[in-house]
Amino acid sequence: MMDEERAGNAKCAVSKLPQPDSLTNSIPMDKDVGEGKENGLYSPTEGQGNGNGPEAASALNEDEAPSTKLCGYLHKLGGPLKTWKSRWFTYEEMKCQLYYYRTPQDVTPLGSIELIKATFGYPTQGDEGTFHIQIPERLFVLKALNRETMMYWLQQLQLKRWQHSSSLIRVPAQPSAAPGLDTAQTVLRSTAGNADVFLPTVKTPTGLVGEEAAALPAPWQQLTLQNISLKHPLTELQNSVHNICNSRSFQEYSHSASHAEEPPSEDALSPSIKNTAALPAPPENPPPPAPVQLTEPEQEPHQGGRRSPCSLSWRREKKISTSATLPVDRKEANATARVSRLQQEVFSLQEDLKSQKELVLLLHKALEAAQQEKRTCTQFLSAEGEQERLELVRHRERHIADLEGRLEAQRQEKTELEQRLGQANGHVTELQEHVQLMMEKNHAKQEVILKLSGQVTAFMDDPRRTVCNTMNAETFRQMQEQIDNLKDDIEAYKIQNKFLNSEIYQLTNLWRNSSEQEKGLMMKCAYLEAKNCQIESKYLVVLRKLQESKSLDSQHQDMVKQLIEDALQGDMKDVFKLNPVQEYDEYGFKIIPEYEVGDMKLLAKIQALEIRNHNLLSQDLVDKPLLSRWANYLGGRPSGEPVPSPELKGLIRCGVPREYREQVWRWVVRTRTKGLREQNPQRYQELCRKSETSQHPASRQIQLDLHRTLTSNRRFASPTRPAVQQLRRILMAFSWQNPTIGYCQGLNRLAAIALLVLNSEEDAFWCLVTVVETIMPQDYYNKTLIASQADQRVLKDFMAEKMPRLTAHFEQHNVDVSLITFNWFLVVFVESLASDILLRLWDAFLYEGTKVIFRYALALFKYKEDDILKIHDSVEIYQYLRFFTRTISDGRKLMNIAFNDMNPFPMKLLRNRRFLHREKLRVELRELEKIQEEFVTKTVERKDKELDTVLSDDEEDL
């Protein structure tokens, strides 16, 4: 008796879970019988059918009720610091959730895990007892005390999940449904039993799970502060207050339970026992109780799937009273049976009521039809003459015909629905056959899996015996030796792999260090070579000045001449060069120009040295960072194409790298000619066909200028080169595209530059259209060239503002710069600048417009202003201006002068000055035309007078 009391005290202090005892009075009436049976409660109908009554139900309860409640201590990984904390876990059957608390005495859970959508697993290499519960929202990492406890939890959770999934299919509480319940229960038992095929069922660990584990201390001893949940402070406070209140009531209950061995007197009985013993015998035909009164009146609501200790103490008192008064159980069982019979009667009465309602509905319809017929007969009899009766008959006939039409339509609709139903039935049959086939395949696969699982289980139990059954001892010994040898080889390979990895790591570090050293030496060598080129160019400049000096005697002049010849004919092949200067660049331009005048060979050598010096210094300091900036810019665009912005403007002014120049130019051209190309996408092909069939007046001039185009470029060096024929087609197509201009000398160079960069005839044609029709002002390439002449006057105005000393110097020596700069503007500096500087200028020119031409023209004069000011002869000035642009090799310095030193350079001012000078030129042109007309008129009149005089002299002679 004392052991039972201690167990009762432990249970009262521990569990707020739903208890496994089967109280028949706790069946709620709004639940069906199938649900009650799945919860371990007997069916009244089944008991009556077997003739066993409540005894059979209690036997069923004892068979199906779990012997151990699924609850116990587990470690849970969580918290901000991701540490293990001991938690009390308990399973709630109704909700299929696993609740966890800090202690078994807590009422409010810290959280729950929904098992209906959960998957379970455990790592093979993790800590012992660690397993995972994966739900769609998160992953729970738990750890049991040992591996056996972990497997028990996993198997029980799988079983609970299956049972809850099966319980979701409800069976109606009808008398005919009893066999179905037996079938469902049989399937549930068989399915739950199949789990033993894969893994043997783990026995319940003693003292680690169940309600008995709550009476024992936690397996992991932790400090109270370490075990407190920081995420749920309010819940921890509620549970602490509740535990303090329960501890007092528990002490009072323990004190009263210590006298349970003594026979209790009538006064000492609990109120529940007195009330139970004093209950009168129920009448033979009691009235049906209300469904809400079948629940326990003193049962408290659940909190998170657990009951409070007060609820547990009340239920324990009820157990004591039930064991003390046995007849009360029988009365309660009889009352339950009566309730079941009353439920069946209510169900049958509901069915009768339903059928009676249908009968009443049919009678209503028949009554309405009879009343309608009566009204029709009354109208027919009440008609005064035959004509009215005939009208009534006709009206009824029309109504009958209408009804027959509707009936026919309904029949057709019925036929169509029957056909659809037949098709649907056929489809359902096909699907059923497919489902049957899939079930057969699944069954076959399950059999194979079961067979293989059995073999695996047998092998895991005794691998040596299983292997020995299939082979003899000698073969097994040989295989075992081979396995041992392979294991030794694997260990050796592992050691070797580690050694090779360390070796590779060391060699990689050595190679990286040597690469860094080599890179540093190359940069140093490039710097020294650039310095050498610089010194050599200065040396040649000094020799050139000495050659031009007239103060040297003949001996020194011969010595200087010999030094210059040695410098020009010196063989540099034996000198190591990092990046030797090639003869042509990637676009085919000759890098070092060839001067026809013999005295200019020294200047060409100096320029070659300056170009090499510039290339060596700018390769690592300028070109590579610029290429990286362009790669980052274009890589950050979703479409891979540029977008007009100040960032793009700054990048284009610095120059577009060769790798991206074709892409950027094509984007600019397509953006500027988008409207024209959308109107006629095949415009270029049409113009090419027209130029082949029709002869343009400018075709002869185009053919002559083809052989004068970019003679220093190897792609246009020979008339048989493909680029020459492509250029001819582009110029002929443009002559038909713009009849106002047709062809103007200089367009061949513009088209050639576009063809070299874009590598496409059509794109080069549209680039030429962009330059002539979009970027350049109107009348720039017509016969009068008014816009071109206006730009020369605008340039002189800007030179007077930006460089007054140089302008005064030109005026002093009567030098007209427009004789030099007119060709610059007309062909946009083609064949006037080095190829790399020229293409950088074109990058900005295509994007920004003609303002770039003015900037670079002013920058060229600013770049060489000091050298020009030293020349005091007009012929020498013209000769210097003719070739000085080709001696400039530092494109970055020229770009800084153009876009920084020439500021401010407002476009509005440029437009105003262009307009002003254009108007002046038009007035001058009109005056010139007037003078020409007057001159022609006077010439004709003079010729007429001379002719009259000659005729009169002849007449006199006659």
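In this predicted model, the axes of helix α29 (residues 835-848) and helix α33 (residues 891-901) come within 10 Å of each other and cross at roughly 30 degrees, where axes are lines fitted to C-alpha atoms, for helices over the stretch in contact, and angles run from 0 to 180 degrees between N-to-C directions. Helices here are DSSP runs of H or I with at least four residues, strands are runs of E with at least two, and both are numbered from the N terminus. Helix α29 is therefore roughly parallel to α33, since angles under 35 degrees count as roughly parallel, over 145 as roughly antiparallel, 65 to 115 as roughly perpendicular and the rest as oblique. The crossing of α29 and α33 is right-handed; a crossing has this hand if the near helix is turned clockwise from the far one by less than a right angle, and is left-handed if anticlockwise. Ile837, Arg840, Ala844 and Glu848 of α29 are in contact with Gly891, Arg892, Leu894 and Phe899 of α33, contact meaning heavy atoms within 4.5 Å. The residues of this contact comprise four nonpolar, one polar and three charged, with Ala, Val, Leu, Ile, Met, Phe, Trp, Tyr, Cys and Pro counted as nonpolar, Asp, Glu, Lys and Arg as charged, and the others, Gly among them, as polar.

The crossing of α22 and α23 is right-handed, and the contact involves Ser699, Ile702, Gln703 and Leu706 of α22 together with Val724, Leu727, Arg728, Leu731 and Met732 of α23. Six nonpolar, two polar and one charged residue make up the contact of α22 with α23.

The protein as a whole has 34 helices and seven strands, and 35% of its 958 residues are buried, where buried means under 20% relative accessible area, exposed over 50% and partly exposed in between, with a 1.4 Å probe and protein chains only. Asp763, which is found in helix α25 (residues 761-775), is buried because its relative accessible area is 8%. Apart from neighbours within four places in sequence, Asp763 is in contact with Arg666, Val669, Arg670, Arg677 and Leu758. Arg138, by contrast, is placed in the loop between β6 (130-134) and β7 (139-143) and counts as partly exposed, because its relative accessibility is 35%.

Leu785, in the loop between α25 and α26 (786-802), has a positive phi of about 55 degrees although it is not a glycine, and is buried at 19% relative accessibility. Asn814, in the loop between α27 (804-812) and α28 (818-827), likewise has a positive phi of about 55 degrees, but is exposed, with a relative accessible area of 65%. The peptide bond from Asn903 to Pro904 is cis, with omega near 0 degrees, and Pro904 is found in the loop between α33 and α34 (907-957).

Residues are numbered from 1 along each chain as its sequence is written. Local features of the predicted model need pLDDT of at least 70 and side-chain atom pairs count only at pLDDT 80 or more, while totals for chains, interfaces and linings use all residues, and side-chain values use heavy atoms, with hydrogens and water left out.
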